[in-house]
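Dear colleague,

Please find below the structure that I am handing over to you.

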Amino acid sequence: GLYHHKNYTSKEYGQDFQNWGVLQDNNGVMVFANGNGVMTYDGKSWTLIETPTESVIRSMAMDETGKIYVGALDDIGFLKINNTGGLVYESLLPLLKPELQTMGNVWNTQVSKDVVWFGAETGLYSWNGERIQFWQWPNVNAFHKTFIWKDILYAYEEGKGLMRFVDNEFSLAPGGETLIKNRVYGGIP
């Protein structure tokens, strides 16, 4: 059969025409990583949740409790419910040293076990609910996308192949060198 669908134009939802990601929260609300912020649609109305810098949102992920984490331009954070029941953005930047707050685009946000991973242009940030850790990319231009497969974080490193993050560092994944000439952007089970 044919699926019922409707396309919405940027004129209809009133925000930037680019959407970088989408997910559905536990209440059935659609959540979009939009060029103007986090955009939600509950089937009737569109809402924009802005970051303090009114940044473009590049990535999002939801954990098993339904909490949504957000990767933006020079910002990482999460959505939380405010005292009126609406969603607001909570930045994690205040937890970072000033020299780590310029991160460029955060292209990937993933959740694995009890850790949220933010893959930025400058490096990798992890948040365990209490503290943030940072690992600088060995070569800033060599990394672009990270992904989780079987609870292990992977990244493709230009000139090396497929790398995996084990014991707080990236090392070549078994057979990863065979992908040295093929960029890897993700993996699925």
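The largest pocket holds about 410 Å³ of space. A pocket here is an open set of points on a 1 Å grid over the protein atoms alone, where a 1.4 Å probe fits, with protein on both sides within 12 Å along at least five of seven lines; lining residues have an atom within 4 Å of a point. Grid points are joined across faces, edges and corners, and the volume is the space filled by probe spheres set on the points. This is a predicted model, in which local features need pLDDT of at least 70 and side-chain atom pairs count only at pLDDT 80 or more, while totals for chains, interfaces and linings use all residues. Residues are numbered from 1 along each chain as its sequence is written, and side-chain values use heavy atoms, with hydrogens and water left out.

The lining of the largest pocket consists of 19 residues, and Asp25, Asn27, Ile81, Gly85 and Leu87 lie nearest its centre. Strand 3 (37–41), strand 4 (46–49) and strand 7 (76–81) are the elements that each give two or more residues to this lining. Strand 7 supplies the largest share, three residues. Strands (E, at least two residues) and helices (H or I, at least four) are DSSP runs, numbered from the N terminus. By class, the lining has seven nonpolar, eight polar and four charged residues; Ala, Val, Leu, Ile, Met, Phe, Trp, Tyr, Cys and Pro count as nonpolar, Asp, Glu, Lys and Arg as charged, and the others, Gly among them, as polar.

The second largest pocket has a volume of about 150 Å³. Its lining is formed by Ser112, Lys113, Val115, Trp117, Asp151, Ile152, Leu153, Phe165 and Val166. Strand 10 (115–120), strand 14 (152–157) and strand 15 (161–166) each give two or more residues to it. Six of the lining residues are nonpolar, one is polar and two are charged.

Lys113, one of those lining residues, is located in the loop between strand 9 and strand 10. Its phi is near 55°, a positive value in a residue other than glycine. Lys150, in the loop between strand 13 (143–149) and strand 14, likewise has a positive phi, of about 50°, although it is not a glycine. Most residues other than glycine have a negative phi. Lys113 counts as exposed at 63% relative accessibility, and Lys150 is exposed at 66%. Exposed means over 50% relative accessible area, buried under 20%, and partly exposed in between (1.4 Å probe, protein chains only).

Val111 belongs to strand 9 (residues 106–112) and is partly exposed, at 24% relative accessibility. Beyond its neighbours within four places in sequence, Val111 is in contact (heavy atoms within 4.5 Å) with Ala61, Met62, Asp63, Tyr69, Val116 and Ile148. Val111 and Tyr69 are 42 residues apart in sequence, yet their C-alpha atoms are 8.6 Å apart.

Met60, in strand 5 (residues 57–62), counts as buried at 14% relative accessibility. Leaving aside neighbours within four places in sequence, its contacts include Gly21, Val38, Tyr69 and Thr109.

As for the whole protein, the secondary structure comes to one helix and 16 strands. Of its 189 residues, 42% count as buried. The C-alpha trace spans about 50 × 50 × 30 Å along its principal axes.

With kind regards
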